[in-house]
Amino acid sequence: MTIYLEFEKPLAEIEGQAEELRALARRSPEMDVEKEAAALDRKSHEMLTQLYGSLTPWRKCQVARHPERPHCKDYIERLFTEYTPLAGDRNFADDHAVMGGLARLDGRPVVVIGHEKGHDTKSRIERNFGMARPEGYRKAIRLMDIAHRFKLPVVTLVDTPGAYPGKGAEERGQSEAIARSTEKCLQIEVPLVSVIIGEGGSGGAVAFATANRVAMLEHSIYSVISPEGCASILWKDAEKMREAAEALRLTAQELKELGVCDRIVAEPLGGAHRDAGAAIDAVGREIGKMLDELGGMDGQAVRADRRRKYLDLGSKGLAA
């Protein structure tokens, strides 16, 4: 059953009417309703094209958070073969909000790391809604060390509202773990490519996405703070999240102009959740292209390329 977002309610009515007609025809085979249903299908396609052709930043936030959007686990299962998960930070625990391990992408050996949000209530609780604790970032550091040692490219899939802000996480050194993970991204002498597949929230995302190449799905977001958090701080009113989303310039299109993201991966009409397979395959092709771009560089050149990318941030596209 399709889950519709708030701004998709008119679309839900049209698609619901088409489905009702077809359900009626299934119960009464003598009824011919296909012509009327096809007309409703055309109308819903036109509305979908119109809605997604002019999404506001806030609506893009809603799409990026859609519960049916494909998550890290879906990407790993479809794109990677011989996936061998590696667990734990060898210090405290295994954080299920972060998954990663050794795998092959089109036959190429890689290390893949990503945030996993979960798909239902049980898995979302287990995965802590994609909000990593310190041990999750320390697990990522361990995996990047393995990649560096064995000269394997690193692929990161970012989808988190932010690092977990709980008391226990802070006691175990949350900010230090995020900083160390970001530092490790800059230090390793192997290609590192990252894709923002949903939400890229604050330092929790930066700790995985300080990469040579950063791609974003068309309707993903990447920001220093959530619109609700920004609105609460600036206006003391979380309901001003729409204004905050505009001001934060968090969409893939705006971030490409600013040089924060290098490329945008087109999504199926209506968002990645409407055709997860096509969206995942598009991401896989883009990851392959990014790795090919970096394939001829030695370790020092790869590291210098990454360093130069982040030193140059803020040098273009800052006009309001």
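## Terms and basis

In sorting residues by class, Ala, Val, Leu, Ile, Met, Phe, Trp, Tyr, Cys and Pro count as nonpolar, Asp, Glu, Lys and Arg as charged, and the others, Gly among them, as polar. The model is predicted, with local features requiring pLDDT of at least 70 and side-chain atom pairs counted only at pLDDT 80 or more, while totals for chains, interfaces and linings use all residues. Residues are numbered from 1 along each chain as its sequence is written, and side-chain values use heavy atoms, leaving out hydrogens and water.

Helices (H or I, at least four residues) and strands (E, at least two) are DSSP runs numbered from the N terminus.

## The largest pocket

On a 1 Å grid over the protein atoms alone, a pocket is an open set of points with protein on both sides within 12 Å along at least five of seven lines, whereas a cavity is a set where a 1.4 Å probe fits but cannot get out; lining residues have an atom within 4 Å of a point. Points are joined across faces, edges and corners, and a volume is the space filled by probe spheres set on them.

The largest pocket has a volume of about 310 Å³. Its lining comprises 16 residues, of which Val206, Tyr222, Leu255, Val260 and Leu313 are the closest to the centre. Two or more lining residues come from each of α9 (202–209), β7 (221–223), α12 (252–258) and α14 (299–311). Helix α9 gives the most, with three residues. By class, the lining has eleven nonpolar, three polar and two charged residues.

## The largest cavity

One cavity of 30 Å³ or more is present in the structure, and the largest cavity has a volume of about 80 Å³. Among the residues that line the largest cavity are Arg65, Glu199, Ile221, Pro227 and Leu250. Strands β5 and β7 each supply at least two lining residues, and the largest share, three residues, comes from β5. The lining of the largest cavity divides into five nonpolar, five polar and two charged residues.

## Helix packing

Axes are lines fitted to C-alpha atoms, for helices over the stretch in contact, and angles run from 0 to 180 degrees between N-to-C directions. Angles under 35 degrees count as roughly parallel, over 145 as roughly antiparallel, 65 to 115 as roughly perpendicular and the rest as oblique. Contact means heavy atoms within 4.5 Å.

Helices α10 (residues 227–234) and α11 (residues 241–248) pack at about 105°, with axes 8 Å apart; they are therefore roughly perpendicular to each other. Pro227, Glu228, Cys230 and Ala231 of α10 meet Met241, Ala244, Ala245 and Leu248 of α11. The axes of α6 (residues 134–150) and α9 cross at roughly 10° and come within 11 Å, which makes α6 roughly parallel to α9. Here Tyr137, Ala140 and Met144 of α6 contact Gly204, Ala207 and Phe208 of α9.

## Buried parts of the chain

Buried means under 20% relative accessible area, exposed over 50%, and partly exposed in between (1.4 Å probe, protein chains only). Seven of the eight residues of α3 (residues 57–64) are buried, so this helix is largely enclosed by the rest of the structure. The cover over the buried residues of α3 includes α2 (34–53), β5 (192–201), β7, α10, α11 and α12.

Glu267 lies in the loop between β8 (263–265) and α13 (276–294). At 8% relative accessibility, Glu267 counts as buried. Not counting residues up to four places away in sequence, Glu267 touches Arg69, Leu217, Glu218, His219, Ser220 and Ala272.
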